[in-house]
Each structure stands twice: as C-alpha cells, then as structure tokens.
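My entries follow the structure.

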Amino acid sequence: MSGTVDSNLLGDGSHRIGRLTLNAPQSLNSLTREMVEIILESLLAWRDDNTVAAVFIDGVGEKAFCAGGDVQALRDSCVAMPGGPCDYAENFFAREYLMNYILHTYPKPVVCWGHGVVMGGGLGILAGCSHRVVSERTRIGMPEVTIALFPDVGGSWFLNKMPGHLGRFLALTAANINAADALFCGLGNYFLANEQRDQVIAALVASDWSSGDSDATVAALLKDLPAGASMPQAQVEPLMDEVNAWVEGDDLAQIVDRVSLWQGDDPWLSRARDGLMNGSKLAAAWIFRQLNESRDATLETVFISELRLAAHIMRHREFSEGVRALLIDKDRNPQWTYDTVASVPASVLDGFFIDAPGAPVLELP
C-alpha cells in the first residue's frame, strides 16, 4: 500500500505552524512504516525549532483522518516469518509507539483534526495530541478484537482514564463512538465542523503568540470559534449504567456470558455485543489482562508493555487469521484458536506477557 505524509511549515517569521497531512486516501490514510517515519522526523525537527509555535495534524479526504495501521502489511510480515521475529511488523510498532510517546510528551501545542474515521493507529495520534478536534462525522473505534490485536498505541493509557468501565467496554466490544461521545470520554476536547478546517489553520498562522503561553493561545482560538455544525446525539453517556454493568468484575468469562445473554433493543449496544461475541476469544483475554495490568502504569511503562504484547501477537496465528477473514478473503468467518475465553489456557496467556526473544527495544527519549 502506498501513502505518504505531507510535511510543511506554514507562515513565516518566528512563529510558524508545522502541518502534517496523512496522504493515503485510498486506504483511509492507514499508516505505513514510511508514514510513521515522516511524522517522527518532522515532530523531532519542529520540537527543537524555535520558529515553530504549534503543529497541526490532519488527513486527506472527507472519509477519514486515519483508519489505523496498514494491517495487511503487518500480516504479510507475520506470514513470511511464522513464529517470528517478524521484522517489519515488530519494528513498525516500535517506531509507531515512539511517535505516540513523542506526541503525548510534546512541549508545543499539537492540534489533531479528527474528522471522519479515527481508528486504531489514528486514534493513537488523536489521543496523544494536546488539542483534539472532533467533527460532525467523526467515528472513533478500537476494533482490534475483531482481528485479534489489542487497543495499543497508548490505548492501555487513555482507555483506563475514561469514565467508569467505558474504556474496557470499548476495548472488548469494538464499539464505535461519535463526537459527542468523544467529548464525554475525553478523546476530544473541541467540536467544530469539518468545513472550518481551513479557517482554523489560517487563524493559527495569524495568531499572536506574544503571551508566551502557546497552549493557551491555541485553546482560546479553538474554544472561541462557534461550531459550524450540529453535535450528533450522544450514544454513550445515556447508556453508562448498562456499559458499566456489562463489563464490571474481574472474571472475563462471566463478563462474556453476561454480554451474550443481553436481549435489549438498543442498536448501539447490539452491535457492541456482536463485536465481543464474534471477536477472537484469545484477543479478548489479552486485552482484558493488558488493561488491568496497565491501570496504574506510567506512560513509559505502558508503551514498553504494549510493544512486548504486540511482538508476541505478531508471532501467533490468531492475528493473521483475523486479518485474512476480515480484510483479505472477507468471508467474515475466522477460525479462532479458542471457542470461549474460559478455554484459553493460563499458560498460553502468560506467554504473551513475558519478553519476546529478538523483539525490538522501545527507545524512549
């Protein structure tokens, strides 16, 4: 899959705006290793450039900011080296997680324009930015359980900080949320119409940065703009009692049984139930454990643990089978290794949470 990132400096003088635009619309701006490297190189250069006041990240096209990583390329790497090490896939994650960490700790304001589909690796970028804009057509999700991956790119960090058990719910069910939901759970902090994008960029370029507080300058700009579209109806907040009740407790098998017995008529909850029931039971097990073990972890520890888990997943057949069924053959009939979460052996699950021999090391600054 081809794709690039357009990296440009806007304006002139001592307060320019760095703009990164994901440019792979044919794949909904899915990230390749090359795209990650361009983002990383630009962020690091602009971080140390005193003439750059802020960064703006968006995607080409009306459909998506970013639908995630290029999972077909990851699968190709896994198929080429069964049991691993899977060089391309594992090093992709190492570089992507470094990029995510840089965003979370960036010393300058970073605005992410989260319009359209924002999933997987795209959500990792959005969640890492200091100023997160969502629009009338934002659709956020972490659908990894459906392909036997896990909500990575810092998901172990930001999902655990959501209200109640919402983060666990989204991780296990692959449920999508909209802009109103994103504001509720903290993934978004501004709502604007997509047609206001150029206006925001122009305003950033023309901003007065003399106060010395660039974060406050960007926040005031975004907050003072009246939204040019109507907010979509909230899905999550009205259903938080059900969300919490579905996934509370420490026994994953009981949670899955509880969800399977639900017989309500809410369409959003129905899709969430189906996401968990049709997803990989092995993936549900490692998702549940990863979130629990990362609950009180530092940001650095989160990304180190995610890389360890990702390396093991790349070496297991479950991920390749999930991508095959959903994205390659598209028969939607994955042959999962286990039929239930209760049948996943503890020894097998434990093996995903130890160091993977030959895996890359996450070198954080």
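I took a nonpolar core to be a set of buried Ala, Val, Leu, Ile, Met, Phe, Trp, Tyr and Cys residues joined through side-chain atoms within 4.5 Å. Buried means under 20% relative accessible area and exposed over 50%, with a 1.4 Å probe and protein chains only. The model is predicted: local features need pLDDT of at least 70, side-chain atom pairs count only at pLDDT 80 or more, and totals for chains, interfaces and linings use all residues. Residues are numbered from 1 along each chain as its sequence is written, and side-chain values use heavy atoms, without hydrogens and water.

**Cores.** I found that the largest nonpolar core has 105 residues, and that Phe-169, Trp-286 and Phe-319 are among those with the most contacts inside it. Helix α3 (residues 87-104) gives the most to this core, with 10 residues; helices are DSSP runs (H or I, at least four residues) and strands likewise (E, at least two), numbered from the N terminus. I also noted a second, separate core of 17 residues, which includes Val-200 and Trp-209.

**Phe-319.** Leaving aside neighbours within four places in sequence, I listed the contacts (heavy atoms within 4.5 Å) of Phe-319, including Val-71, Cys-78, Ile-147 and Met-314.

**Helix α9.** In α9 (residues 214-224), I recorded Thr-217, Val-218, Leu-221 and Leu-222 as buried. Seen down the axis of α9, the buried residues fall within an arc of 120° (taken from the directions from the helix axis to the C-beta atoms), so they line one face of the helix. On the other side of α9, Lys-223 and Asp-224 are exposed. The buried residues of α9 pack against elements including β3 (52-59) and α8 (197-205).
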